[in-house]
Amino acid sequence: MSEWNQGSEWDQTSVKPDRVPRSIDITRPHPARMYDYYLGGKDNFAADRAAADAALAAAPDMAVTARANRAFLGRAVRYVTAEAGIRQILDIGTGIPTAGNTHQVAHEVDPSIRVVYVDNDPMVLVHANALMADGSRGTTSVIQADLRDPAEILALPQVRDAIDFDEPVALLLVAILHFIKDAENPGEIVSTLREALPKGSHLVLSHCTLDFSDPETGDALREIYSRATAPLVPRTHAEILAYFDGFDLVSPGLVHLPSWRPAVPPTANHLSRVHFYAGVAQLS
Ligand SMILES: C[S@@+](CC[C@H](N)C(=O)[O-])C[C@H]1O[C@@H](n2cnc3c(N)ncnc32)[C@H](O)[C@@H]1O
């Protein structure tokens with residue numbers, strides 16, 4: 001039997017069916033593909049769409065939140081490259097490529113910036129590799145690995161080859177830590193990564209919160225994601241702030257995501273519909 005899926009569902013994706021590994025379980029909702037669906041992408045399956053539709057029914061703001069998060073990613077990558085001068089990026093929790101991917105934003109600033117993407121979803125790898133065919137290979141690579149084993153990520157030859165740990169690095173943990181359970185020690189994961197970074201490095205982080213929602217919405221979302229390949233663990237401002245231990249937050253600090261250096265000030269309506277905090281910090 002071939003190691004690749006041949007299912008007709010793949011025909012609606014941007015990846016050819018013969019490039020889809022059988023190891024991808026399309027029957028269980030996956031957060032990366034649910035997120036792709038919120039963003040209007042087509043790289044998702046019936047199980048992902050059903051779970052995402054249920055999440056949207058419980059929390060209609062999910063799509064607005066996802067788009068706002070993507071916009072933050074762009075602003076933060078522009079900040080760390082154009083303003084902080086960083087020339088190498090480790091982006092853990094890449095997501096299925098969509099508009100404004102990290103390497104594309106960074107390469108608008110300087111095409112020589114090196115980007116290493118890490119994700120544990122094989123589907124992300126398939127799509128990201130297809131995207132690399134755009135000529136960004138050489139500066140940009142994508143690796144399948146798990147954030148829950150940060151020491152393994154740091155030791156990977158592909159990471160050591162691409163990233164010079166004597167020079168400042170931008171570490172991106174954008175919309176990923178809320179998929180790590182408390183029992184999996186997300187704080188220790190961030191510390192392990194921080195200890196590998198030299199001074200001048202930056203941490204870019206966004207995280208789901210229920211600080212702005214009612215408890216029923218939170219319960220419904222937790223229930224929906226409990227059936228996905230990763231649970232959703234929203235956290236409070238204080239809990240998310242703890243991830244920045246050892247770093248100095250740059251202005252405006254850890255804030256309601258739309259308020260992180262917006263091009264135009266967010267409206268009250270937009271703010272009320274976004275359920276993430278975001279911040280960027282420097283290692284000094
Ligand atoms: C919501 S998407 C965020 C994508 C992108 N960072 C953004 O903000 O637009 C979360 C990504 O994290 C990945 N992910 C979740 N848990 C992970 C883990 N333990 N290790 C590596 N990647 C993980 C998912 O596969 C998914 O691609």
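**Entry 1**

I started with alanine 175, which is found in the loop between strand E4 (170-174) and helix H8 (186-196); helices (H or I, at least four residues) and strands (E, at least two) are DSSP runs, numbered from the N terminus. Before going on, I noted that this is a predicted model, where local features need pLDDT of at least 70, side-chain atom pairs count only at pLDDT 80 or more, and totals for chains, interfaces and linings use all residues. Residues are numbered from 1 along each chain as its sequence is written, and side-chain values use heavy atoms, with hydrogens and water left out.

Alanine 175 is not a glycine, yet its phi is positive, about 55 degrees. Most residues other than glycine have a negative phi, and most peptide bonds are trans. I then found a cis bond from serine 251 to proline 252, with omega near 10 degrees. Proline 252 sits in the loop between strand E6 (248-249) and strand E7 (255-256).

**Entry 2: the ligand**

I looked up the shell next: 21 residues are around the ligand, and Tyr35, Asn69, Arg70, Gly93 and Asp119 come nearest (a heavy atom within 4 Å counts as near). For polar contacts I used pairs of N or O atoms within 3.5 Å. Asparagine 69 puts a polar side-chain atom 2.8 Å from a ligand oxygen atom. Glycine 93 has a polar backbone atom 2.6 Å from a nitrogen atom of the ligand, and a backbone N or O atom of leucine 147 is 2.9 Å from a ligand nitrogen atom.

The ligand taken alone exposes 600 Å², and the protein buries 98% of that (Shrake-Rupley, 1.4 Å probe). Helix H1 (31-38) and helix H3 (62-83) are the elements giving two or more residues to the shell.

**Entry 3: H2 against H9**

How do the axes of helix H2 (residues 46-58) and helix H9 (residues 215-226) cross? They come within 9 Å and cross at roughly 175 degrees (lines fitted to C-alpha atoms over the stretch in contact, angles from 0 to 180 degrees between N-to-C directions). H2 and H9 are therefore roughly antiparallel (over 145 degrees). I listed Ala51, Ala54, Ala55 and Ala58 in H2 meeting Thr217, Ala220, Leu221 and Ile224 in H9 (heavy atoms within 4.5 Å).

Key: Polar contact = N/O pair within 3.5 Å; in protein donor to acceptor, adjacent residues only side chain to side chain. Parallel < 35°, antiparallel > 145°, perpendicular 65-115°, else oblique.
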